[in-house]
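User: Could you take me through the terms used for this model, setting each value against its cut-off?

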Amino acid sequence: MKVLLRTPMSVFTGYGNDGVGLAQALQRYGADVYLQPTHVDTPLPDDILPLFGKSLRAPFDLYINHIDPMGLEVKEGTIGNADVTVGWTMWEYTNFGNMPTKDRRTLRKRLKEFDLLVGYSDLDIDCLRPYYKGPIIVRQGGFNPDDWPLLERNWGEENFYFCMIGVLSNRKAPFAAVQAFTELQREHEDFRQYARLSLKTSIPGLHSGIEDAFPGIRIFYDIWPQDVVREFYRANHVLLSPSRGEGKNMPALEFMSTGGVVIATNFAGHKQWLHSEYNYAVDYTLEPDDIYKPDTLSATVDIEDLKAKMLHVFRNRAEAKHKGEIAAQIVPAQHSWDHVVDDLFHKIRVALPEKGEHLWNIAQVAKLGAERG
C-alpha cells in the first residue's frame, strides 16, 4: 500500500508533531510511505529520516494532506495519481471568518478534488460543510503512549500540584488558570497553604513577576527534552486546560496516559476525550476572539466552574487518583496513533463504499505483512 503524505514534519508544532506520529504509525501499519513535507524542523526521529530520501513514484493508493485549512489542496501532480485523496485538518473556532481572506476565497476550489475530508472534532465539520459537499468524518489525531507510561505520583502529600504546559498563548488562556488559582487562594485557607500552580511555556508572555505577585505560582520558560517533561508530569497531579479552543491538546493526552487528571474546557477537540469517568469538563460561553470578527466565536471558560472543579479535586484526592488510573488505561488504547490509523481506514471504508472498500482490502494485506514481519 503506497501512501503519499503531505504535512509539516516537526516535533515543535501541533501539525508537525502529528505529521511525524502519523508517518510512523502508517509505517508500522505496513504502508510504503512517501513524503511531501510542507515544513521541516530538526531534529526528527530516526525512523522518519529515510523517508526524505525516497523519490515520489506514482501512482499511490492513498494521498493524505494533513495540514491547516489554509494549506489543504490536492497538488496538480497528485490529481489522477492517487486512488483515494483525503484532507485532514482541525480548527478552533466556530467558522472560518478569521481565516485570511485570500485563503477563504480559494477554499471551496481547493477542497473539491478531495474524495473525503477528516476533521479532528464535530466543530470542524460545521466549519467545512459550507465549502465542501462530499463526505466529512471525524477522526482526531493521536499520540504515542509508549513515550508516556504510567507514573507513580504521591497523591497523599500535603501539597497539591496543578500545572499547564505548552505554547501558552492567549488561546491557551493561562491567565484564566492564574485568576482561578489566586481567587481560590484568597477564598480558602487550606488551598492557599497547600495548592501550587506551575506554568511551563515555550513563548514569552508570562512575566516572571507573576511569581512575586502570587505566591504558589511558578513560571518555566524553556524548551525541555522529553525526559524532563515526563518528570514535570510526575511532579504534578492535575493539568489545567482552560483553552479557548483546541484541535486535540497533545499534553492533555500525554498527561492522562501517565495517570494524571485533566480539567479542561468542554469545547472543540477536547470533547473527543473529555469523559466524567476519568477527567473533569468545565463550562464555557461562546464569545468573539476578535472584536472585528463578531460572528467567529471561541470558548471563554467559566471561571467559577473552573474554580469549583479545581477545589473539588484538591479536596477529593482519592477520587482524582482513581480517575487518573482509569485515564491511564483508556487514553492510550483509544488515542494511540496505531489505533487512530486503523480506525481511519475503517471510516474511509464506510464513507467511500467503492474506493474505500478497495483501499481497505489493500490496507489489510499491508497490515498482515507488517504483523508477520
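Analyst: A residue is called buried when its relative accessible area is under 20%, exposed when it is over 50%, and partly exposed in between, with a 1.4 Å probe and protein chains only. This is a predicted model, in which local features need pLDDT of at least 70 and side-chain atom pairs count only at pLDDT 80 or more, while totals for chains, interfaces and linings use all residues. Residues are numbered from 1 along each chain as its sequence is written, and side-chain values use heavy atoms, with hydrogens and water left out.

User: Why does Lys-102 count as exposed, and why does Asp-103 count as buried?

Analyst: Lys-102 has a relative accessibility of 60%, which is over 50%, and therefore counts as exposed. Asp-103 has 12%, which is under 20%, so Asp-103 counts as buried.

User: What makes the contact between Lys-102 and Asp-103 a salt bridge?

Analyst: The term requires a side-chain nitrogen of Lys or Arg within 4 Å of a carboxyl oxygen of Asp or Glu. The closest N and O atoms of Lys-102 and Asp-103 are 3.4 Å apart, so the pair qualifies. The structure holds 21 salt bridges.

User: Which residue does Asp-305 pair with in a salt bridge, and why is Asp-305 called buried?

Analyst: Asp-305 pairs with Lys-309, with N and O atoms 2.9 Å apart at the closest, and this distance is within 4 Å, so the contact is a salt bridge. Asp-305 is at 14% relative accessibility, under 20%, and is therefore buried. Both residues lie in helix α9, four residues apart, about one turn of the helix; a helix here is a DSSP run of H or I with at least four residues, a strand a run of E with at least two, and both are numbered from the N terminus.

User: Where do Lys-307 and Glu-304 lie, and why does Lys-307 count as buried?

Analyst: Lys-307 and Glu-304 both lie in helix α9 (residues 303-315), three residues apart, and their side chains meet in a salt bridge at 3.4 Å, N to O. Lys-307 counts as buried because its relative accessibility is 4%, which is under 20%. Lys-307 and Glu-304 also belong to a network of salt bridges that links them with Glu-183 and Glu-187.

User: How many residues of each class are in the lining of the largest pocket?

Analyst: The lining has 19 nonpolar, 12 polar and nine charged residues, where Ala, Val, Leu, Ile, Met, Phe, Trp, Tyr, Cys and Pro count as nonpolar, Asp, Glu, Lys and Arg as charged, and the others, Gly among them, as polar. A pocket is an open set of points on a 1 Å grid over the protein atoms alone, where a 1.4 Å probe fits, with protein on both sides within 12 Å along at least five of seven lines, and lining residues have an atom within 4 Å of a point.
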